[in-house]
Structures are given as C-alpha cells and as structure tokens.
Amino acid sequence: MRLNGREEVPGVIPLEKELISRIELFIKLRWLAGGGVTAAIWTTGSLLHLPIPVVPLYLIGGLILLYNAFFWIYARKLRAAAPYSHAVLARLANLQIMADWLALIFIVHFSGGIESPVIFYFIFHVIFSTFVLSPRASYLQSTLAALLIIVLSILEYHQVIPHVSISGILAGDLYDNSLYVSSFLFFFVSTLYISTYLTSSIINKLRGREKELITLKDDLEEAYHKLEKSDAAKSQFVFMVTHELRRPLSAIESILGLFIEGYTGGLLEKQKRLLQRIEYRTTWLLTLVRDLRDGLRAEIKKEKPIQLDLVTVIEKIQDSLRREVEDKALDLRLSFSQSPLFVRSDKGKMELLFFNLMNNAVRYTPTRGKISLKVSKEDSLVRIQISDTGIGIPEQDLSMIFEEFYRAKNARSMEREGTGLGLPIVRRIVEIYGGQVAVKSQVGKGTTFSFDLAIGEETSNA
Ligand code: ADP
C-alpha cells in the first residue's frame, strides 16, 4: 500500500503517518528559530548596544542551525527509505525536542536566567511538542523542561554558575530572591503541565476519533465486500434457476406445438384457441428466461478476452435476423471502418450486445424502414452507432428504457412480445467496457444508439 507516494506503515493511523511531515515542519521552523536567535542577538547586541554575552549566544544560534542540519538530513533519509518505523520517527521527534530544551535553557541562562523573557518559549515549545509526541512522551518532555529550569534557577541562586545580568532591561536581582524564585518556579512549572495536559488531551481525542473513523471505514469496506459476494451468489443462483427453467419450458412449448398442429388428433376450435394462448404465454416465459439468463451471464461469466473479429460477430447476427428483415422488407446496412475489425474482447458479451440492439431496431422499425449500423475503430476505441427509421421513443420514456422490465407504450402496442431486459443488458456490457450509451430519438422518425467501447487489441476491461 502507498500513501502520497510513500509506503504505508501497517497498523499506523494517518495521524501518526503525518508524524514525518510534522517533524519536517518542526525542522523548517527551527531554521527560522536559529536564524531568529542570531538576528535577535545582533539587534540587541550590535544595534541596541545592550550588554548581552554575544559570543555564547551566537554559538548557541550556530549550534541550533547545526543540529537542525543533522535532523534535516536524517529526516530526508528516513523518507527516502520508506517504509519507516513509527518508533524511529518517535525517537527522532524526542531527540529534537531534547536538543531544543538544551539550546533554550542555555539561551535563557545567557539572557538573564529566570528573569529572561525567552523563558516563555518553553511554554509554546511544550504545546508544539504534544503535536508530535505521545501523551506519555509529552509529559516526560515537560518534566525534563521543568527540571532544566529548576536546576538552572537553583544553580544561579546558589551562585554555582554566575547569573548573567542584563542591566538596562531586566530587573537583575530577582534570581536571588527566594520567594520570587519559588513562586515563579511554581507558576511556571504548573503552566508547563497545564499546557501539556490541555493540548495532549485535545490531540488524544482527535487521535481517538480518527481511529474510530478508520475502524468504521474498514467495517464499511468489509460490509461492502460481503454484499458484493452475496449479490454474486444470488446472481449465480438465479442464473442456475433460469437454466433449469429453460428445458421444461422448451419441452412444454414443443408439445403444445404438436397439439396445435393436430399431430395428436383433431381439436375443437375452442380447444385450439386456448392451447394457442398457452403457447403464446409459454413463448413469452421462455423469452423472459432467456433474457434473464443472458443478463446474468454478462454479469457473472468472466470469459477470457480473445482476438475477436467484430465484422464476423455482427454478420452472424445479421444472418440470424435475416427472416425478420426480409419479412418487413427492411434496408439493413452495415458499415465497418475496416474488415476484419479485430478487438480483444469476450465473444459472448459482444454477441449479446449487438443482438439486442439489432433485434430492437428490427422489431421497432415498420415495413420498408432503414437500419444502419456503423462500427469504426480508432486505436483502442471502438465507436458504434446504430440508427433506425422506426417508431422512436417518446421523450418521457427516454430516461427509463435502460431500467429492467421497462417498455414504452408505443413499443408495447407494436410488439406484444418483449421483456424490457435487452437494453439493461446493453448498458451493463457497454459499462464493463468503459463506455456509456447515448440515445437520440424522435417519435415516428427513428432512434439512434451510440457508444464507445475501450477494447483495443492489447487492452481489455472484460
Ligand atoms: P424490449 O425490447 O424487450 O421491450 P429492451 O430493454 O430491449 O426491451 O428495450 C426497452 C424499451 O426501449 C423498449 O420496450 C422500447 O420502448 C425502447 N426501445 C429500445 N430500442 C428501441 C428502438 N430501436 N426503437 C424504439 N424503441 C426502442
């Protein structure tokens, strides 16, 4: 699995996957911080001429930039060597924050100890670190920060290390005021912990929500696959039922034929009429069963695509419709951009597709009408257009004709037989090949169906 071109780490939630990006953002900000420190020293020392220890402060600024360069290279290497382990990322984040605490405590020391305004940067750094660390690591880091500040104050208070006094801007004598130092430490350290608590609990809630969303997404995906499976099983079942129904129905139809033709002895006119009605219903049932089976076959049978000559397929269907075409004296014209016209496709589906369209054109076109079928091939696309001068489709029916069992009123009165399953099959097959059927029609003038199929010689979606 890949995410934004990177490998996904199994079992890591997206918020954690974002860790590397956050670490990189941290690094970017640190370039600014390092530059900012250097600029601030220059402004205070050289521009404002305030008595700050310029050399050690410049040194710290330089060090920040140096260790940041190390982290930058390391993060780049990590990204390149995906998949990275989450533990390595967490270690990198912890290391950076620890380095920052050290740099910050030295800056605080050289800019006036607990009197230094720089000390407030600890708070915003604590908040920031909760974005990249686990709640436990955040509390540990805040403890480290608090310890550093406490140790520095104690060392300065007991003059183990000299207090740097910046006369002119800072009070300068608060560091050895025990009441001030202890109350400052109390409020400052508690602020650090409260900040950690507030931000890490918000982040934690967000992480929890994200986990819930991911579980929900997984559940939904699983449910969808189950539905797909049960749908396929149902289709398979109905397909088998249609298969089983066909044989007895065909037998009934032919036996009825024998009765009607008089092979079993003479029939009364009334008996004959009744039997003809039964035969008509049986034929309709057989058509329905055939259409249902064809539709399901297109859905479930995954035939291997072969090099198929569409000219041969279509001419074969033309042959099978010859009687109907001749009976109605229709002018049926086929035109191909080339012959043979090879495509990598599935024979069963192509036969079904062209049979349904051509059969409809023949059925819904009155005597002496015209039907034209054009097939052209451009690279991996096959363009098809089939037009007739038939009864047309009323505008209000146009959006419905691809629905199962739908038949327009004018079609029903022209052709009693029909199941309304032909066009849904056509639409499904065209969709399998990445196309969409367009239909234009005018009542009494004719209908044109057109679509493209993505079935080049080398590729096939079937
Ligand atoms: P059937 O032809 O069995 O009714 P189809 O699914 O093939 O079912 O077609 C659905 C409906 O679309 C038809 O009943 C008819 O109203 C309309 N139709 C399809 N093809 C044509 C056509 N060439 N000319 C006019 N109407 C058509």
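Leaving out residues up to four places away in sequence, N68 touches I27, R30 and W31, where contact is taken as heavy atoms within 4.5 Å. The model is a predicted one, with local features needing pLDDT of at least 70 and side-chain atom pairs counting only at pLDDT 80 or more, while totals for chains, interfaces and linings use all residues. Residues are numbered from 1 along each chain as its sequence is written, and side-chain values use heavy atoms, with hydrogens and water left out.

N68 sits in helix α3; helices here are DSSP runs of H or I with at least four residues, numbered from the N terminus. With 0% relative accessibility, N68 counts as buried (under 20% relative accessible area; exposed is over 50%, partly exposed in between, with a 1.4 Å probe and protein chains only).

As for the helix itself, α3 runs over residues 54-80, and its 27 residues reach 39 Å from first C-alpha to last, close to the expected 39 Å (1.5 Å times one less than the number of residues). Buried along α3 are L57, I60, G61, I64, Y67, N68, F71, A75 and L78, and their cover includes α2 (19-47) and α4 (86-110).

The α3 and α4 axes are 10 Å apart, at an angle of about 175°; axes are lines fitted to C-alpha atoms over the stretch in contact, and angles run from 0 to 180 degrees between N-to-C directions. The two helices are therefore roughly antiparallel (over 145 degrees; under 35 is roughly parallel, 65 to 115 roughly perpendicular and the rest oblique). Among the residues making this contact are L57, I60 and F71 of α3 and L92, A99 and F106 of α4. The contact residues split into 18 nonpolar, one polar and one charged.

Elsewhere, H163 is in the loop between α6 (135-157) and α7 (178-261). H163 counts as buried, at 14% relative accessibility, and its side chain makes a polar contact of 2.7 Å with the side chain of E156.

Technical notes. A polar contact is a pair of N or O atoms within 3.5 Å; within protein, one must be able to donate a hydrogen and the other to accept it, and residues adjacent in sequence count only if both atoms are side-chain atoms. Ala, Val, Leu, Ile, Met, Phe, Trp, Tyr, Cys and Pro count as nonpolar, Asp, Glu, Lys and Arg as charged, and the others, Gly among them, as polar.
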